[in-house]
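Please look through the model below, starting with its aromatic rings and then turning to its helices and surface.

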Amino acid sequence: MIDWNRVTTHNNPNEMWDFWKHLLGNVIDKDAPFTTKRVKNERSPWSTNELLPEIHKRDFLTKKATSTDDPSIWKQFKDARNKDNNSARKATRKYFSENLDANKSDPRKNLAIN
């Protein structure tokens, strides 16, 4: 129960606006507080040990390319990124096709991702 009429007690429109934002902020903080949600950092089931070195190389080149802004390192990064993306797509496709083929008779087991 907020008395919004208190906003009009100010003569300056900027003060009215600031006071209104303050009141609204209090209501939002009380009724809809901002909370952060933790997300588990689990690997995808199709993520294999062969993919991890490619991912690390791509991440390393990302940092190096942004810090140095060298065109040759940017090209290395783009090549590593493309290779990583293609490998991840192939691994995902392989995982799902194998999982679907293995569980054709039992739909409940299909695509059991963890």
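Rings of Phe, Tyr and Trp (for Trp, its six-membered ring) count as a pair if their centres lie within 6.5 Å; planes under 30 degrees apart make the pair stacked, over 60 edge-to-face, and the rest tilted. The model is predicted, so local features need pLDDT of at least 70 and side-chain atom pairs count only at pLDDT 80 or more, while totals for chains, interfaces and linings use all residues. Residues are numbered from 1 along each chain as its sequence is written, and side-chain values use heavy atoms, with hydrogens and water left out.

By this criterion the structure holds five aromatic pairs. One of them joins Trp17 and Trp20, a stacked pair with 5.5 Å centre to centre and 15 degrees between the planes. Both residues belong to helix 1 (residues 13-31), where they are three residues apart and thus separated by about one helical turn. Helices here are DSSP runs (H or I, at least four residues), numbered from the N terminus. Trp17 is partly exposed, at 47% relative accessible area, and Trp20 is partly exposed as well, at 34%. For these classes, buried means under 20% relative accessible area, exposed over 50%, and partly exposed in between, with a 1.4 Å probe and protein chains only.

Another pair is formed by Trp46 and Tyr95: the ring centres are 5.9 Å apart and the planes stand at 55 degrees, so the pair is tilted. Because Trp46 lies in the loop between helix 1 and helix 2 and Tyr95 in helix 3, this pair ties together parts that are 49 residues apart in sequence. Trp46 is partly exposed, at 22%, whereas Tyr95 counts as buried at 19%. Ring pairs also bring in Phe96, giving a cluster of Trp46, Tyr95 and Phe96.

Tyr95 leads on to helix 3 itself. This helix covers residues 71-102, 32 residues in total, and reaches 46 Å from its first C-alpha to its last, close to the 46 Å expected at 1.5 Å a residue; the expected span is 1.5 Å times one less than the number of residues. Its buried residues are Ile73, Phe77, Ala80, Asp84, Ser87, Ala91, Tyr95 and Asn99. Helix 2 (51-68) is among the elements that cover them, contact meaning heavy atoms within 4.5 Å.

Ile2 sits in the segment before helix 1 and is partly exposed, at 35%.

Methods: Helices (H or I, at least four residues) and strands (E, at least two) are DSSP runs, numbered from the N terminus.
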